[in-house]
Amino acid sequence: MSKVKVGYVQMSCSANKADNLAKAIEKVRETAASGAQIICLQELFTSLYFCDVEDYENFKLAEPIPGPSTESLGAVAKELGVVIIASLFEKRTEGLYHNTTAVLDADGSYLGKYRKMHIPDDPAYYEKFYFTPGDLGYKVFKTKFATIGVLICWDQWYPEAARITALMGAQILFYPTAIGWATNQDEATNTEQYNAWQTIQRSHAVANGIHVVSVNRTGFEQDGLMKFWGGSFVANPFGTVLHQSSHTDEENVVLELDLSKTDRYRTHWPFLRDRRIDSYQPITKRYIDDEQ
């Protein structure tokens with residue numbers, strides 16, 4: 001399909017997992033009613049962002065994938081005839097957990113999952129405590145409406161991840177995300193951080209000639225210490241922002257993307273043609289110095 005209607009849900013979350021799932025499903029229904037064919041939910045949408053603390057009780061939030069949430073979402077996907085991209089806390093087995101996104105096709109079938117590859121460990125983002133780095137590699141999913149790639153939050157900062165996923169045939173790159181500002185931070189720093197976050201993802205669109213859809217949560221969490229900055233957006237294959245959401249409001253957004261523009265941009269600005277793949281071996285080193 002040359003044209004596809006992409007939707008995303010930017011929402012706030014509560015401490016009740018069942019309520020969050022029900023809320024997300026209702027917003028998926030609203031987004032589908034507005035014409036969306038592929039709908040992306042934000043990172044870890046069934047809970048508050050729990051990685052602000054290292055607490056063993058939080059492992060109880062995890063579930064198998066496929067599992068209860070993918071079953072519920074698969075039924076909704078089939079009913080509505082839409083693709084759903086769902087970021088969940090995966091329990092692989094006892095003591096082994098991943099930050100994982102599942103993809104449900106428009107007939108309700110489970111197409112597979114991507115496990116987050118890059119795991120941060122920063123103040124209020126203690127993800128290494130919870131998540132084992134992904135071991136499935138980078139993935140694309142051939143849905144009814146388009147071939148899509150999915151990366152997750154911290155993956156956003158790595159052009160290598162976007163490049164590999166694009167080279168695998170992704171027509172649209174989706175980033176479910178949970179990122180925000182400390183509420184004691186000054187406005188200039190807030191602006192700089194958001195601009196960097198958006199710019200790096202827009203650069204992935206430009207370098208690879210594909211649309212990028214980034215979906216973030218909103219609302220205050222962590223007892224008011226963290227304001228998730230929303231600002232979800234869609235960029236075209238030359239990095240132009242087609243829509244940017246509010247930093248504060250919940251939003252369901254639907255945009256029609258013309259996937260044929262990838263060929264136009266890639267032929268007029270042939271970055272893929274001119275790649276010197278024979279010269280890129282040093283990128284596999286941690287740092288290029290004299291150490292062997």
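Residues are numbered from 1 along each chain as its sequence is written, and side-chain values use heavy atoms, with hydrogens and water left out. Because the model is predicted, local features need pLDDT of at least 70 and side-chain atom pairs count only at pLDDT 80 or more, while totals for chains, interfaces and linings use all residues.

Helices (H or I, at least four residues) and strands (E, at least two) are DSSP runs, numbered from the N terminus. Two strands pair if DSSP finds at least two bridges between them. An open sheet is made of six strands in the order β5-β4-β3-β2-β1-β15, and the pairing is mixed. The edges are taken by β5 and β15 (251-258), each with a single partner strand, so one side of each has no neighbour in the sheet. From one strand to the next, the twist averages 30 degrees. In general, the side chains of a regular strand alternate between the two faces of the sheet.

Strand β3 (residues 83-93) and β4 run antiparallel and are joined by nine bridges. Ala86 has Ala102 in β4 as its bridge partner. Strand β4 (residues 96-104) is also antiparallel to strand β5 (residues 110-115), with five bridges between them. Thr100 stands opposite Arg115 in β5. The hairpin of β4 and β5 has five residues between the strands, and Gly108 in this hairpin takes a positive phi near 90 degrees.

The helix pairs are described by axes, which are lines fitted to C-alpha atoms over the stretch in contact, and by angles that run from 0 to 180 degrees between N-to-C directions. Angles under 35 degrees count as roughly parallel, over 145 as roughly antiparallel, 65 to 115 as roughly perpendicular and the rest as oblique. A crossing is right-handed if the near helix is turned clockwise from the far one by less than a right angle, and left-handed if anticlockwise. Contact means heavy atoms within 4.5 Å. Ala, Val, Leu, Ile, Met, Phe, Trp, Tyr, Cys and Pro count as nonpolar, Asp, Glu, Lys and Arg as charged, and the others, Gly among them, as polar.

The axes of helix α1 (residues 17-33) and α2 cross at roughly 15 degrees and come within 11 Å. The two helices α1 and α2 are therefore roughly parallel, and their crossing is right-handed. Leu21, Ile25, Val28, Arg29 and Ala32 of α1 meet Ser69, Ser72, Leu73, Val76, Glu79 and Leu80 of α2. Seven of these contact residues are nonpolar, two polar and two charged.

Helix α3 (residues 159-167) packs against helix α4 (residues 187-208) at an angle of about 40 degrees, with the axes 10 Å apart. This makes α3 and α4 oblique to each other. Their contact involves Pro159, Ala162, Arg163 and Ala166 of α3 with His204, Ala207 and Asn208 of α4; four of the residues are nonpolar, two polar and one charged. The crossing of α3 and α4 is right-handed.

Most residues other than glycine have a negative phi, and most peptide bonds are trans. The bond from Ile65 to Pro66 is cis, with omega near 0 degrees, and Pro66 lies in the loop between β2 (38-41) and α2 (68-80). Ala124, in the loop between β5 and β6 (140-142), has a positive phi near 75 degrees. Buried means under 20% relative accessible area, exposed over 50% and partly exposed in between (1.4 Å probe, protein chains only). Ala124 counts as buried at 17% relative accessibility. Gln222 has a positive phi near 55 degrees and is buried, at 16%.
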